[in-house]
Amino acid sequence: MGKERQVLRDINMMLLAGIKMPTSTVVYRLSHLIEELREHMAEEEREVFPAVEKAEAEVRPGAMVPLPPLITEQMSANA
């Protein structure tokens, strides 16, 4: 993700400083960033989804899954 952050930082600087380069260069760099982000998200999905599916499979059908409270001890209710 370090590479993506650098490209995003560069693009952000281009936009803040005013684009002083051809539109085709900006389009190319944005397209490159989008492709890198897609690859990163695909990798994340390959790692995370199996873990989620495994956790879901471990819950018995019809079992009650505890939900966190809507109001915790750290919260206050103001009327």
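Glu-36 is located in helix 2, helices being DSSP runs of H or I with at least four residues, numbered from the N terminus. The model is a predicted one, in which local features need pLDDT of at least 70 and side-chain atom pairs count only at pLDDT 80 or more, while totals for chains, interfaces and linings use all residues. Residues are numbered from 1 along each chain as its sequence is written, and side-chain values use heavy atoms, with hydrogens and water left out.

When residues up to four places away in sequence are not counted, Glu-36 touches Lys-3, Glu-4 and Val-7, a contact being defined by heavy atoms within 4.5 Å.

Val-7 belongs to helix 1, which comprises residues 2–17, and is likewise buried, its relative accessible area being 13%. The C-alpha atoms of Val-7 and Leu-30 are 8.5 Å apart in space, although 23 residues separate the two in sequence.

Phe-49 lies in helix 2, which covers residues 23–58, and is partly exposed because its relative accessibility is 46%.

Terms used: Helix = DSSP H or I, 4+ residues; strand = E, 2+ residues; numbered from the N terminus. Buried < 20%, exposed > 50% of the residue type's maximum accessible area, 1.4 Å probe, protein only.
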